[in-house]
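Let's take a friendly walk through this model, looking at its charged contacts and its surface.

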Amino acid sequence: MTAATPAVPAAQVAGAATVPPAPATGAARAGKAPKERDPYLDNAKYLAIVLVVTGHLIEDLRDVPAAHALYFFFYTFHMPLFITLSGHLSRNWTFSPGKARKLISGLAVPYIIFEVAYALPRLIMYGKLEISLLDPYYLTWFLMSLFLWRLSTPVWQQLRWPLVIAVVLSLLAGTSKLPDELSMNRTLGLLPFYVLGLMLRPEHLAFLKRPWVRVAGVVVLAAGLAAAFAFHTDIATEWIRWRNSNVKIGVGDITGSAIRLAMLTAGAVLVAAFLAVTPSRRTWFSGLGAATMYAYLLHGFVVKVVERFYGGLHTPWGVALVSAFGVVVATVLCTPPVRRAFRWAVEPDLSWAFTAIRRPRPAR
């Protein structure tokens, strides 16, 4: 659940916010205009965060069949979409000093801040403070997993068949009960989508923008939604959460691996369909798509508050109302006032904490 140019800062991953323009330096002083963000990717990130927020808001209404079907449909591909975009925007990541610093300030430090922040309500309500920096709580797992995926980027860029290897690792992850630390089940289970994003090239995205592909995308999404309404009660919800082993879900490894491969395939197809129908032109929400990490990290507090007032909303009309509210929440949390108020937590300025890279002195 953050968040573009090829050399993208850590804060500009899918689900991350863009950093405000810095004082003119380097290329700007040399008379070179900064490269403009791609509205297509920002549009996709905004629409994706709308699905994430709405999915979390309707989670407590799943006793209503429509809510359960929508929840299943969203969860089949909304985080795979976010992760694919993250991989695509990370394809030029290296261990250079500047990017390593942004990895810390854009992911590691916000992860610590929000791990503590989401633990405080439990302290207030239940008098119990539980903080485990290695065991992500609630939606912070995405920051932990993205940190690890980002670190692995140079490895995937050098393998001959990176996507095949990632899929094999994903399937093998389901055969063991991995520890909750480092969100290992999700990190390995959803890894193929990050690698898929790394492998995407501009010509692939251009293909998705062809008129007939856009039409096919609409058909695929409609078919996926219809399938979710038809079969959402026949498939265990844990399959779309990617957080448990096959045995814990209640199936053997052969069956579990087949289901996981089917979920990976369904997720990839729906991601492609979603990107096909995403507007490529600049829209009113393109600028909001540059700040989706704010919506991702902050909406959990809204969810925890409003779900306590769902008493009369367990109806189809209630689900529709909450879904509309999700669009509003996702939009507001990406706006400039929210970004100014919470930049200290989502995009902290840690320039004071870094120094010039220390290199070993040559032996005499």
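The paragraphs below turn to salt bridges and then to a nonpolar patch.

A word on the source: this is a predicted model, in which local features need pLDDT of at least 70, side-chain atom pairs count only at pLDDT 80 or more, and totals for chains, interfaces and linings use all residues. Residues are numbered from 1 along each chain as its sequence is written, and side-chain values use heavy atoms, with hydrogens and water left out.

Let's begin with the charges. A search of the whole structure finds 8 salt bridges, each being a side-chain nitrogen of Lys or Arg within 4 Å of a carboxyl oxygen of Asp or Glu. Find Glu238: its salt bridge with Arg241 has the closest N and O atoms 3.1 Å apart, and its salt bridge with Arg243 has them 2.9 Å apart. Glu238 is buried at 18% relative accessible area (buried means under 20%, exposed over 50%, partly exposed in between, with a 1.4 Å probe and protein chains only). Arg241 is buried too, at 12%, while Arg243 is partly exposed at 36%. These residues belong to a network of salt bridges that also includes Glu59 and Arg62.

Now for the surface. Ile112, Val116, Leu120, Leu123, Ile124, Leu129, Ile131 and Leu133 make a nonpolar patch of about 680 Å². Patch residues have over 30% relative accessible area and no salt bridge, with like charges joined within 9 Å and nonpolar side chains (Val, Leu, Ile, Met, Phe, Trp, Tyr) within 5 Å. Leu133 is partly exposed at 38%.

Technical notes:
Areas by Shrake-Rupley, 256 points an atom, 1.4 Å probe, with all protein chains shown as cover.
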